[in-house]
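Work through the exercises below with the sequence and the model at hand. Each task is followed by a solution in steps.

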Amino acid sequence: MSGMAPYTIIVGSGISGLSAAIVLARHGWRVQVLESHVVPGGCMQMFQRRGPAGGKVRFDVGVHYVGSLKPGQTMWRLFRYLGVSVPALPLDANCFDRISLPSGEFAVPVGWDALARNLRQACPGEAAAIAAFVARMRAVESSLTWHSLNADAPGAYDRTPHEVTVAGLLGELGVSPRLRSLLLAQSSLYGAPSARAPLAIHAAVIGSATEGPHYVVGGGDAITSRLVARLRELGGDLRTRAAVVRVLVEGDRAAGVELASGEVLRAPEVILALHPRRALNLMPSDAWRSVLRQRLALAPECVGLFCVYGVVQGELGEYAGRNHYLLRDDDPDCFYDPSTKGPADAIVNFAPPADGVQTFTAMSSARAEWFAPWQATRTARRDAEYMALKQRLVANVMAMVEQRLPALRGRLTVVEASTPLTIRDYVNYPGGGLYGLEPSVDSQGVNGVRRKTRYHGLYVTGAGTGTPGVLGACVTGFAVAATALGNDSLIREVRRETDAFLPCAAPGPSP
Ligand SMILES: Cc1cc2nc3c(=O)[nH]c(=O)nc-3n(C[C@H](O)[C@H](O)[C@H](O)COP(=O)(O)OP(=O)(O)OC[C@H]3O[C@@H](n4cnc5c(N)ncnc54)[C@H](O)[C@@H]3O)c2cc1C
């Protein structure tokens, strides 16, 4: 590679950092990714514990299922453009998400049309509201240039979808409480209550899940290992255990970073691919305008994550091939108002079995305040009182799982549980919130975190600058790379290049 190639440091090896790194490396830039943790991947990292049978079992942190992975869809195209082929398995087309509320169950099928049909059956008499909601979601999703991979998306400059909330739209449509419950039940996929969730976030996240939900075979490791190998193939480098403590600037441009070890790495381009509050702490205080800093100070973090990991004995039967949204109240916003009394909300995922072992993950919510007494402690060094609180919360989650998935009673062994402090320690989200910064009207649209800073060559990216999820964060990586490259046609380039990978090289669906 030429010595003149621009040199970029990317801080953070989540999907946003790795995808930005590969896009830049593909355009001839020299790239160094720095990761503070011992393994790369951020939320895509996996961890290992001894299972009940004595063997090692691996669990995903943040890749339970990924949307838009059908050939020709956006996530599939972004992976292809990055040069990786990720092994994927579609979820059940008739019911990829099963919603379980005190008042009954509902099967969420693949595809907006099929969803509208199931909703009409569940809420007879609301066909007009259902049609209007689905049409609005489709229109909003296709107005998002990166999510639809359409540089000329109609409505791209309309800020309304970032400012109107989902609750606002449902109120406008006058939907019944039952229909409201069904439309909101999967909101934990983006982690914001209906009164604060913008339409754009709901449309992007629920839209990609609805149109192309897939398991990634091998979990987050399967994505991270491929991306890291591809980065190295392109001449880029990744260092773990390399925590950045400060961004260096000279005059009005980026000049490099300083690591916790005191080592200084110089570079004219620096991209921070991490939680926006963490980015703010690393940059000179005037990198963002004071109004943005003030807005960020007030923007809420996602509700805290409490997660239970375990092993299932025997077959899953009818529970296989889908996720289960077990909510304690008919109002799905209960997820954002967690209680220490059980049974607790649980979003249950069954990854495809690996080495004959069937695992489960039950994701719940928690208040960061419950863990305040242990703020100054680190993972694996906490006292008996913390362990007792964890045990109580595990019991609350498992009570819900056993109540709503009765065929699994007596067949589940809990192996591990994580709290908001675990998320803080492992992916550096300050409040241990589910997806970090809450993707709410307070942090989106006009209130959104800016990728550009006042320093030339210094940028911020990651889920907190756009949409949470593997797809959303990957999109932010592409978008920041396009900004750094000054390349207005990256979307067209991605679409054009990946058309060639479609089965029979047929052109992709027109945008
Ligand atoms: C429990 C959970 C379940 C989820 N489930 C799904 C799912 O099923 N499907 C889906 O699509 N999405 C899911 N997500 C969301 C998705 O995984 C994330 O939104 C996405 O991976 C975030 O990517 P990112 O690049 O923004 O940053 P992150 O993955 O947060 O990575 C940021 C990286 O920066 C590093 N870093 C931070 N500070 C520094 C520093 N000072 N120096 C160096 N490195 C630093 C961190 O260690 C981390 O590795 C889930 C997330 C969680 C937490």
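The chain holds 16 helices and 19 strands; helices (H or I, at least four residues) and strands (E, at least two) are DSSP runs, numbered from the N terminus. This is a predicted model, in which local features need pLDDT of at least 70 and side-chain atom pairs count only at pLDDT 80 or more, while totals for chains, interfaces and linings use all residues. Residues are numbered from 1 along each chain as its sequence is written.

**Exercise 1.** Compare the radius of gyration of the chain with that of a compact globule.

Solution. Step one: the radius of gyration is taken over C-alpha atoms, and the globule rule is 2.2 Å times the number of residues to the power 0.38. Step two: for 511 residues the rule gives a value near 24 Å; the chain has 22 Å, which agrees. Step three: along the principal axes, the C-alpha atoms fill a box of roughly 65 × 55 × 45 Å.

**Exercise 2.** Describe the largest nonpolar core.

Solution. Step one: a nonpolar core is a set of buried Ala, Val, Leu, Ile, Met, Phe, Trp, Tyr and Cys residues joined through C-beta atoms within 7 Å. A residue is buried if 20 or more other C-beta atoms lie within 10 Å of its own, exposed if 12 or fewer, and partly exposed in between, with C-beta atoms placed from the backbone. Step two: the largest core has 153 residues, and Ala-21, Leu-231, Ala-346 and Val-397 have the most contacts inside it. Helix 15 gives the most to this core, with 11 residues.

**Exercise 3.** Which domains give residues to the shell around the ligand, and where does the ligand lie?

Solution. Step one: an automatic or database domain assignment supplies the bounds, and the chain is divided into domain 1 (7-45 + 68-87 + 216-299 + 439-505), domain 2 (107-212) and domain 3 (303-434). Step two: domain 1 and domain 3 both give residues to the shell, so the ligand lies between them. Step three: there are 39 residues around the ligand, and Gly-12, Gly-14, Ser-16, Gly-42 and Gly-62 come nearest; a residue is near if its C-beta atom, placed from the backbone, lies within 6 Å. Step four: helix 1 (15-26), strand 14 (304-312) and helix 15 (470-485) each supply at least two residues of the shell.
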